Amino acid sequence: DELRKEIDIQRMLDHPNIVRVFEMFEDIEHGQLQIIMELCTGGSLVSRLKSHKKGWSEKAAATLMEKMLSAVLYCHNQGVVHRDIKLDNFIYENESEDAELKLIDFGFAAEILPGKESMFDQLGTPSYMAPELLRRERYDEKVDVWSFACVLECLWTHTQVYASELNEKG
């Protein structure tokens with residue numbers, strides 16, 4: 001049931017920075033779900049961060065942040081809270097340097113209705129979780145914004161590596 005919910009949520013989202021789920025087929029006899037998704041072969045954002053030892057420019061990081069924020073804002077406008085925004089949940093469409101970045105893993109996502117945004121479930125990755133989640137308090141879609149800020153901090157740190165190397169070269 002949880003997997004079906006995740007698939008249903010993701011199927012209703014159509015954004016260039018969210019991985020698409022096109023179709024789902026259920027094999028009741030064998031207890032299996034088959035999911036037809038957008039093929040993304042470019043690896044994770046985390047992998048690219050590790051492979052770019054010299055860091056990224058602020059412009060490159062800003063472009064990534066714009067794409068990520070666009071995906072999160074789209075989710076919220078569609079009444080979906082992701083609840084697990086983190087570096088690991090962004091992958092690339094393909095291996096090219098200008099490949100599209102895609103938000104994945106809607107396993108903790110929830111649909112919300114205007115005026116009924118309150119949630120209580122403690123879900124997500126602890127190092128990216130908003131304080132109200134950690135304190136088991138009522139929360140809303142703004143927990144994704146907190147997690148997004150944690151992602152921003154990681155990317156900012158990575159751009160500082162790039163900037164310090166440029167300064168050393170003069």
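The legends below describe an overall view and several close-up views of one predicted protein model.

In this predicted model, local features need pLDDT of at least 70 and side-chain atom pairs count only at pLDDT 80 or more, whereas totals for chains, interfaces and linings use all residues. Residues are numbered from 1 along each chain as its sequence is written, and side-chain values use heavy atoms, with hydrogens and water left out.

**Figure 1. Overall view of the protein, with five helices and six strands.** Helices (H or I, at least four residues) and strands (E, at least two) are DSSP runs, numbered from the N terminus. Along the sequence, these elements follow the pattern α-β-β-α-α-β-β-β-β-α-α. Taken along the principal axes, the C-alpha atoms fill a box of roughly 65 × 35 × 25 Å. Of the 170 residues, 42% count as buried; buried means under 20% relative accessible area, exposed means over 50%, and partly exposed lies in between (1.4 Å probe, protein chains only). A contact requires heavy atoms within 4.5 Å. Among contacts between residues at least 6 apart in sequence, 62% join residues at least 24 apart.

**Figure 2. The largest nonpolar core, with 29 residues.** A nonpolar core is a set of buried Ala, Val, Leu, Ile, Met, Phe, Trp, Tyr and Cys residues joined through side-chain atoms within 4.5 Å. Leu45, Met68 and Phe106 have the most contacts inside this core. At least two core residues are supplied by each of α2 (45-51), α3 (58-77), β4 (90-92), β5 (101-103) and α5 (142-169). Helix α3 gives the largest share, seven residues. Not counting residues up to four places away in sequence, Met68 touches Leu45, Phe90, Leu101, Phe148, Val151 and Leu155. Another core, of nine residues, lies apart from this one and includes Ala110, Ile112, Leu133 and Tyr139. In soluble globular proteins, nonpolar side chains tend to be buried together.

**Figure 3. Arg83, Asp84 and Asn89 in the loop between β3 and β4.** Strand β3 covers residues 80-81. Asp84 is buried, with a relative accessible area of 6%. The side chain of Asp84 makes a polar contact with the side chain of Thr125 at 2.8 Å. A polar contact is a pair of N or O atoms within 3.5 Å; within protein, one must be able to donate a hydrogen and the other to accept it, and residues adjacent in sequence count only if both atoms are side-chain atoms. With residues up to four places away in sequence left out, Asp84 touches Asn89, Asp105, Phe108, Gly124, Thr125 and Asp144. Asn89 is also buried, at 4% relative accessibility. With the same exclusion, the contacts of Asn89 are His82, Asp84, Lys102, Leu103, Ile104 and Asp105.

**Figure 4. Arg83 and Asp105, two residues with positive phi.** Most residues other than glycine have a negative phi, and most peptide bonds are trans. Arg83 is not a glycine, yet has a positive phi of about 70 degrees; Arg83 counts as buried, at 6% relative accessibility. Asp105 is likewise not a glycine and has a positive phi of about 60 degrees. Asp105 is found in the loop between β5 and β6 (110-111) and is partly exposed, at 33% relative accessibility.

**Figure 5. Met37 in strand β2 (residues 32-37).** Met37 is partly exposed, with a relative accessible area of 41%. Met37 and Phe22 are 15 residues apart in sequence and 5.5 Å apart in space, C-alpha to C-alpha. Leaving aside neighbours within four places in sequence, Met37 is in contact with Gln10, Val19, Arg20, Val21 and Phe22.

Figure 6. A disulfide is a pair of cysteine sulfur atoms within 2.5 Å, and a search of the whole structure finds zero of them. Cys75 is buried, with a relative accessible area of 1%. Cys150 is buried, with a relative accessible area of 18%.

**Figure 7. The charged end of Arg48 over the ring of Tyr92.** The charged end of Arg48 lies 3.7 Å from the centre of this ring. A charge sits over a ring if NZ of Lys or CZ of Arg is within 6 Å of the ring centre and within 35 degrees of the ring normal.
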